[in-house]
Amino acid sequence: GEQVRPPPEVLEKGPAEPKTVHPAEIGKEKTASITRTSDEPAPAPQPAASLHIALATAIPPPLRTADEFMSSKSEKLTYLISLLGVPVGSVELEAKNNNGEVRITLRTKTNSALSSIYPVDDLIETRHIGGNFIITKIRQQEGTFRSDIGFTIFLRDKRVFWIDRIRNRISNETIPNSDVLDTLSSFYYLRNRPLQVGKTELLHIYDGDTYAPVPVEILGQEEVRLRNFKKVDTLLLRHVKQ
C-alpha cells in the first residue's frame with residue numbers, strides 16, 4: 001500500500017535513525033533540513049565551499065611564461081619554397097600570445113602546379129596551457145603518406161602522453177626535467193634568449209615520439225640580404241651532434 005511519512009514536526013522529536021544517503025541525495029537532504037523550521041539559526045558554511053576555495057588557491061604557478069617565447073602579441077613569417085629556381089610551395093609560421101597562452105602554427109603546402117603531381121600539406125600546431133602543459137598536434141600529407149599524431153607534455157609531472165590516431169597507438173613516457181619543449185617552442189625559446197657568440201645553449205626537446213638533449217652552438221654573426229635587398233643582422237647557429 002502507499003507509504004505515509006510522518007509530518008515534519010514529528011521528525012524533529014527524538015534521535016534520528018541512521019540511514020545511508022546516496023551522494024546524489026546530499027543536496028536534497030540539505031534543502032529539507034533548512035526548510036523544516038523557520039527559527040533555526042543560519043547553517044554554517046558547508047565543507048564543499050571551503051574545499052572549493054582551497055582548490056582555487058592551490059593552483060600551482062606556471063613553470064613557463066609567455067615572455068620566454070614571445071616579445072610581441074603576434075607575428076607571422078612567410079617563406080617561399082623553390083626547386084631549381086622554380087616556386088613549388090610556401091611555409092607560414094605564425095605565433096600568438098593570447099593572455100599568456102602561446103599558440104604556434106607551422107603550415108607547409110605545395111602550390112597548385114606541384115600538388116597535382118606530389119601534394120604536400122603539413123600542419124604542426126602547439127599550445128601552451130597555464131604554463132604547465134604543452135599540447136602539440138602534427139598532421140602530415142606528403143604524396144600518399146599520411147600521419148596524424150599528437151602529444152601532451154605535463155611539465156610539472158615530468159611525463160608525456162603520446163597518441164598516433166591513424167595506427168591507434170598510445171604511450172605514456174617520462175621525461176628527465178620540466179624544461180622539455182616541443183620543436184616549435186624550442187625555436188622561439190632559443191630566439192628569445194640572450195645568445196652570445198662562442199656560447200652553447202642546451203635545449204631539451206620532445207619531437208614526435210622521442211626526447212633528446214640538443215646542444216646548439218652560437219658560431220658568430222652574419223649579415224643576410226633579403227629579397228627586397230634589405231640587410232638583416234643574424235646569428236649563425238649549429239646543432240652539436242652527440
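1. A charge counts as sitting over a ring if NZ of Lys or CZ of Arg is within 6 Å of the ring centre and within 35 degrees of the ring normal. Arg-64 lies over the face of Tyr-189, 5.2 Å from the ring centre. Likewise, Arg-159 lies over the face of Phe-154, here at 4.0 Å from the ring centre.

2. On the whole chain: this is a predicted model. The secondary structure of the protein chain amounts to five helices and 11 strands. Of its 242 residues, 25% are buried. Taking contacts between residues at least 6 apart in sequence, 33% join residues at least 24 apart.

3. Aromatic pairs number four in the structure. One of them is formed by Phe-69 and Tyr-189, a tilted pair with 6.1 Å centre to centre and 50° between the planes. Phe-69 belongs to the loop between helix H3 (47-57) and strand E1 (74-83), while Tyr-189 belongs to helix H5 (residues 183-191), so the pair ties together parts that are 120 residues apart in sequence. Phe-69 counts as buried because its relative accessibility is 1%. Tyr-189 also counts as buried, at 17%, given that the cut-off is under 20%.

4. Phe-151 and Tyr-206 make an edge-to-face pair, with 4.9 Å centre to centre and 70° between the planes. This pair links distant parts of the chain, with Phe-151 in strand E6 (residues 145-154) and Tyr-206 in strand E9 (residues 200-206), 55 residues apart. Both Phe-151 and Tyr-206 are buried. Phe-151 also has a bridge partner in E7, namely Trp-162. E6 and strand E7 (residues 159-164) run antiparallel and are joined by six bridges.

5. Eight strands form an open sheet in the order E1-E2-E3-E4-E5-E6-E7-E8, and the pairing is antiparallel. E1 and strand E8 (169-174) are at the edges with a single partner strand each, so one side of each is left without a neighbour in the sheet. From one strand to the next, the twist averages 10°.

6. At the E1 end, E1 and E2 pair in the antiparallel sense over 10 bridges, and Ser-74 has Lys-96 in E2 as its bridge partner. The hairpin of E1 and E2 has two residues between the strands, and in this hairpin Leu-84 takes a positive phi near 55°. Gly-100 sits in the loop between E2 and E3. Gly-100 counts as partly exposed, because its relative accessibility is 42%. Its C-alpha atom is separated by 8.4 Å from that of Ile-129, 29 residues apart along the chain.

7. Which residues does His-128 touch, leaving aside its neighbours within four places in sequence? They are Phe-69, Glu-101, Val-102, Phe-133, Ile-134, Asp-182 and Ser-185. His-128 lies in strand E4 (residues 121-129) and counts as buried because its relative accessibility is 5%. The side chains of His-128 and Ser-185 are joined by a polar contact of 2.7 Å.

8. A second open sheet has three strands in the order E9-E10-E11, with antiparallel pairing. E9 and strand E11 (231-239) stand at its edges, each with a single partner strand, so one side of each is left without a neighbour in the sheet. The twist here averages 40° from one strand to the next. E9 and strand E10 (residues 211-225) run antiparallel and are joined by seven bridges; Ile-205 stands opposite Ala-212 in E10.

9. Where does H5 lie? H5 lies across E1, strand E2 (86-98), strand E3 (101-110) and E4, running at about 75° to E2. H5 also lies across E9, E10 and E11, at about 160° to E9. The N-terminal end of H5 is capped by Asp-182, with a side-chain oxygen 3.2 Å from the backbone nitrogen of Leu-184. The buried residues of H5 are Leu-184, Ser-185, Ser-186, Tyr-188, Tyr-189 and Leu-190. Among them, Ser-185 is the residue in polar contact with His-128, and Tyr-189 is the one with Arg-64 over its face.

Note on methods
Residues numbered from 1 in each chain as written. Predicted model: local features only at pLDDT ≥ 70, side-chain atom pairs only at ≥ 80, totals over all residues. Heavy atoms only, no water. Helix = DSSP H or I, 4+ residues; strand = E, 2+ residues; numbered from the N terminus. Buried < 20%, exposed > 50% of the residue type's maximum accessible area, 1.4 Å probe, protein only. Polar contact = N/O pair within 3.5 Å; in protein donor to acceptor, adjacent residues only side chain to side chain. Contact = heavy atoms within 4.5 Å. Phe/Tyr/Trp six-rings, centres within 6.5 Å; stacked < 30°, edge-to-face > 60°. Pairing = 2+ DSSP bridges. Axes fitted to C-alpha atoms, helices over the stretch in contact; angles between N-to-C directions.
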